[in-house]
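Student: I would like a close look at one residue, and then a walk through what else can be read from the model. Please keep it brisk.

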Amino acid sequence: MHTDQRPCLSSDRELELRDEVMRAMVEQAMARIIEHIRTLPEQPTSKVSGGLELAQSVRERLPESKTEYGKILENLFEKWIPRSFNTASPGYLAYIPGGGLFHSAVADLIADATNRYVGVWAAAPALAELEANVIRWFGEIVGYPPAARGILTSGGSLANFTAIVTARRNRLPEDFLRAVIYASDQVHHSVAKAAILAGFPERNTVELPSDERLRLRTDLLRERIRRDRAAGLTPFMVVGSAGTTNTGAVDDLDAIAEVAQQEHLWFHVDAAYGGFFMLTDQGRRAMKGIERSDSVTLDPHKGLFLPYGTGSLLVQDGEALKRAHTTQALYMPPMQEDPELVDFCNYSPELSRDFRGLRVWLPIKMHGIAAFRRALQEKLCLTRWAADELDKIPGIEIVARPQTSVVAFRYAAPGYSGEELNELNRRLLDGINSRNRVFLTATTLSGRFVIRICVLSFRTHLDRMEMCLEDIRRSVEEIASPRQ
Ligand SMILES: *Cc1c(COP(=O)(O)O)cnc(C)c1O
């Protein structure tokens, strides 16, 4: 009997799918996806009860054998996905809304199925260039010069981290433990976390009290810098916020730029949430001075409505970003000498990564940036409208008027103690959310529990905002005159 003597011959190539299997897989998933997206407006905005039991039922040992694809889709779409915060819902006005443009999902499919390598320019020149385009466009949006460079990250946290490391590697000696980073008490917590991860002692991140509009006080900043220098510390970096997560407040970026220039600080702007409002007139007025920063964080998965997984960092002096991240290895392909051609691995902590430029590039290319500008204008308008309507509700106090697309409010009728009001507002929030047409979250400002509305989903329009205000009015009536 003949036996083939060649080793390692395998007849089993089941991981390589046949054409019709690939097509069927995508089509089956598509049928589920379209149904899911079509019914988003009617789905509850949040549904997580029984989450623990469900999560426990998902836990399992490494499976040795097959599971049928249809069964997996059924579990995903009928059991697991619905039990969640419905971050893609038009009624999701919580935290910073996600959205999730479908275009980017298609871009991811293409990027993943072709699986090209874009960490190195030579490995996929046109694709690396396409991603460099996205970075140049972002630079245009914030008003950076052509010498700016940047990277797409997985989110704003990683962008803030990379900004701090870049500043540190360019401005500080290897012993940097006396260097101090300044921000307002409204700055996103990812900044303090990034500073710790970048090796700074926790106490070296100073969060200064903010003003009545929740913006960094540059008078306090100057004073603190003077004191720190006198104490032998090294003032090093200041982080401005262009749209805080709490209330959407925008720091006076021009004033911070002034201080940074005089004191030789690296000026980073965390515009993860608010930066893309630079596409609008209102945003450009509010964020004037952003172009004077050394670096900026922008989150396309917020202000450009992308699915989660894409943030970005821009650095005004592109060479500074490169200096901070360039290392060599003998097994790597040659890197580009031409300063116009970018090897992303030399600008970022990452080497191998997904081709994430396509998920940003495709929707912008298909619609033009004008469509995004109009959508962002609509969000600003809806937020002002909501603030005007809140003003008309007896007992409601607006704690933070919209500076971008967040408004923060609370119920504050006279005759209650601070703690009683906090408790009433917790009940108010539960009342609003229990109607399941919108999902709001809260924050604390000067010890006060306040409810926030953040409008940033491309799916949120006036009809949903009307439902939001209706649910707020009804819930206020309930806490103001409790049923017995
Ligand atoms: C969301 C946010 C971050 C963190 O970004 P991730 O993408 O969630 O990592 C940082 N700063 C601000 C102002 C944000 O709103």
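Student: Is H264 buried or exposed?

Tutor: H264 is exposed, because its relative accessible area is 64% and the exposed class begins over 50%. Keep in mind that this model is predicted. H264 is found in the loop between α9 (253-263) and β5 (266-271).

Now look at the backbone. The phi of H264 is near 55°, a positive value in a residue other than glycine. Most residues other than glycine have a negative phi.

L214 has a positive phi of about 65°, and L214 is not a glycine either. L214 is placed in the loop between β3 (205-208) and α8 (218-230). Its accessibility class is another matter. L214 counts as buried because its relative accessibility is 13%, and the buried class covers values under 20%. H264, by contrast, is exposed at 64%.

Next, the ligand. It sits in the second largest pocket. Its shell holds 14 residues, and the closest are G156, S157, D270, D299 and K302. Sorted by class, that shell has nine polar, three charged and two nonpolar residues.

Which helices matter for the shell? Both α6 (156-171) and α11 (300-303) supply at least two shell residues each. The largest share, three residues, comes from α6.

Side-chain distances to the ligand come next. For D299, an N or O atom of the side chain is 2.6 Å from an oxygen atom of the ligand. For T245, a polar side-chain atom lies 2.8 Å from a ligand oxygen. K302 also places a polar side-chain atom 2.8 Å from an oxygen atom of the ligand. How much of the ligand is covered? Taken alone, the ligand exposes 380 Å², and the protein buries 85% of that.

Stay with α6 for a moment. Helix α6 also holds N170. The C-alpha atoms of N170 and A320 are separated by 6.4 Å. Along the chain, those two residues are 150 residues apart.

R353 is found in the loop between α12 (318-325) and α13 (357-367). R353 counts as buried because its relative accessibility is 13%. The side chains of R353 and E131 are joined by a polar contact of 2.7 Å.

R435 is another arginine to check. Its place is in the loop between α15 (418-434) and β10 (441-445). R435 counts as partly exposed because its relative accessibility is 25%. R435 and E42 are 393 residues apart along the chain, and their C-alpha atoms are separated by 12 Å.

Two glycines complete the walk. G99 lies in the loop between α3 (69-80) and α4 (102-114). G99 counts as buried because its relative accessibility is 10%. G99 and F85 are 14 residues apart along the chain, with a C-alpha separation of 12 Å. G50 lies in the loop between α1 (19-38) and α2 (51-58). G50 counts as partly exposed because its relative accessibility is 35%. G50 and S348 are 298 residues apart along the chain, and 41 Å separates their C-alpha atoms.

For N170 and A320, a chain gap of 150 residues goes with 6.4 Å. For G50 and S348, a gap of 298 residues goes with 41 Å. For R435 and E42, a gap of 393 residues goes with 12 Å.

Back to your question. H264 is exposed at 64%, in the loop between α9 and β5, with a positive phi near 55°.

Terms used: Residues numbered from 1 in each chain as written. Predicted model: local features only at pLDDT ≥ 70, side-chain atom pairs only at ≥ 80, totals over all residues. Heavy atoms only, no water. Near = heavy atom within 4 Å. Polar contact = N/O pair within 3.5 Å; in protein donor to acceptor, adjacent residues only side chain to side chain. Areas by Shrake-Rupley, 256 points an atom, 1.4 Å probe, with all protein chains shown as cover. 1 Å grid on protein atoms, 1.4 Å probe; cavity = no way out; pocket = protein on both sides within 12 Å on 5 of 7 lines; lining within 4 Å. Sits in = over half its atoms within 2 Å of the grid points. Helix = DSSP H or I, 4+ residues; strand = E, 2+ residues; numbered from the N terminus. Nonpolar A, V, L, I, M, F, W, Y, C, P; charged D, E, K, R; others polar. Buried < 20%, exposed > 50% of the residue type's maximum accessible area, 1.4 Å probe, protein only.
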